[in-house]
Amino acid sequence: MHQAPQVPKIAELSWSGTPTAATFTYSMSVDQQTSAFATVSSGTDITLSRGHYYAIAYIDFTRTASTTNNEIYWHLDGSPIGMRGGSDHYQNESNDNPEATFSLDSSATLTLRQTAWSGSAIALTSHCKAFVWKVDR
Amino acid sequence: MSYSLIQRRIKASVAYASASARNISASAGTVIPFDGFTDMVGSTASGYSTSAGVITLLSGYWYVVKGSVQARFNDKSGYVKYIWRDNTNSDLGRRGTLIMQEQPQLFGGDEFAVCVVDATAGSVDIKLVVESIANVTSLNNTTDQRVAGWIRAEIWRITG
């Protein structure tokens, strides 16, 4: 069914954390949003209500060796969703930014998680930002 | 950044800013000399203005702005980092980093500098500033024009 174009809601978030294991959930905090729709609970969980969404997380990091790499996915209610991101800028094995498009009939929890690593953590900088877009459904 | 289905059905006007200068010598603090605008979606380009690269975002809207540069490196260790700043030189959003995909570095990040700007209460001046740079011949370099994307910034004006 055709739906008329809508004014999107956009949230800018910062993400951070130092993984101590291959799997790790990053901390999230809301920097600003065009209209309040995203809240963070337990430091990591982005609570979203019914709607259509697009989420992207931009990575920025330092590392002590170029072989130090990781893999990052958005997770929706605990399950991975969308396209893989990561820090491997050499072997081109992963996209830089995890991205996901999804629709919700009811509220759900969005998290950003490291799902694999080379054995040690990259160091995230303050330039790690995520943007979540929403339109109503 | 790709465009998701929801971004194809939203009320937004999109224009891109370009810089006509070529072979720009840059150092930390250089302001990217944007001086032109072209409509992509809608017709907002004529409403933007620049002065010495500083872009004025008109009052009454939220904006999403993404910028990246084109550069020729002296060698494979070359890089450029750049970020949007306001007229008080405060950082906006996150920086972009341009490096060679094939060259492992001890740092990295996506090439887009991205920010969300609240101009609902008044116009806002923004500029894309070189944060740090090394082993770069120049920006908007003309040596390999057939593959040059030039410096670009997308400006999404969210219309209510």
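Modeller: Two strands are taken to pair if DSSP finds at least two bridges between them. Please keep in mind throughout that this is a predicted model.

Biologist: With that cut-off in hand, in which sense do β7(A) and β12(A) pair?
Modeller: Pairing needs at least two bridges between the strands, and β7(A) and β12(A) are joined over two bridges. Within this pairing, A:Phe61 has A:Leu124 of β12(A) as its bridge partner. The sense in which β7(A) and β12(A) pair is antiparallel.

Biologist: Which strand of chain B is joined to β7(A) by three bridges?
Modeller: A:Phe61 also stands opposite B:Gly108, a residue that lies in β9(B). The two strands run antiparallel, and the partner of β7(A) in chain B, covering residues 107–109, is β9.

Biologist: What is the order of the strands in the open sheet of three strands?
Modeller: β7(A) pairs with β12(A) over two bridges, and three bridges join β7(A) to β9 of chain B. β12 (123–124) of chain A and β9 of chain B each have a single partner strand and stand at the edges, so one side of each is left without a neighbour in the sheet. The order is therefore β12(A)-β7(A)-β9(B).

Biologist: Which strand supplies the largest share of the side of chain A that touches chain B?
Modeller: The contact takes 34 residues from chain A and 31 residues from chain B. On the side of chain A, at least two residues each are supplied by β1 (9–16), β6 (51–58), β7 (60–62), β10 (99–104) and β13 (129–135). The largest share, five residues, comes from β6(A).

Biologist: How many charged residues does the side of chain A that touches chain B have?
Modeller: Sorted by class, that side of chain A has 14 nonpolar and 14 polar residues. The number of charged residues there is six.

Biologist: Turning to the fold, how many strands does chain B have?
Modeller: Chain B has zero helices, and its pattern along the sequence is written with β elements as β-β-β-β-β-β-β-β-β-β-β-β-β. The number of strands in chain B is 13.

Biologist: What is the radius of gyration of chain B, and why does chain B count as compact?
Modeller: The C-alpha atoms of chain B fill a box of roughly 45 × 35 × 30 Å along the principal axes, and 39% of its 160 residues count as buried. For 160 residues the globule rule gives 15 Å, and the value for chain B is close to this, so chain B is as compact as a globular protein of that length. The radius of gyration of chain B is 16 Å.

Definitions and conventions
Residues are numbered from 1 along each chain as its sequence is written. Chains are lettered from A and ligands numbered from 1 in the order in which they are written. This is a predicted model: local features need pLDDT of at least 70, side-chain atom pairs count only at pLDDT 80 or more; totals for chains, interfaces and linings use all residues. Two residues are in contact if their C-beta atoms, placed from the backbone, lie within 7 Å. Helices (H or I, at least four residues) and strands (E, at least two) are DSSP runs, numbered from the N terminus. Ala, Val, Leu, Ile, Met, Phe, Trp, Tyr, Cys and Pro count as nonpolar, Asp, Glu, Lys and Arg as charged, and the others, Gly among them, as polar. The radius of gyration is taken over C-alpha atoms; the globule rule is 2.2 Å times the number of residues to the power 0.38. A residue is buried if 20 or more other C-beta atoms lie within 10 Å of its own, exposed if 12 or fewer, and partly exposed in between; C-beta atoms are placed from the backbone.
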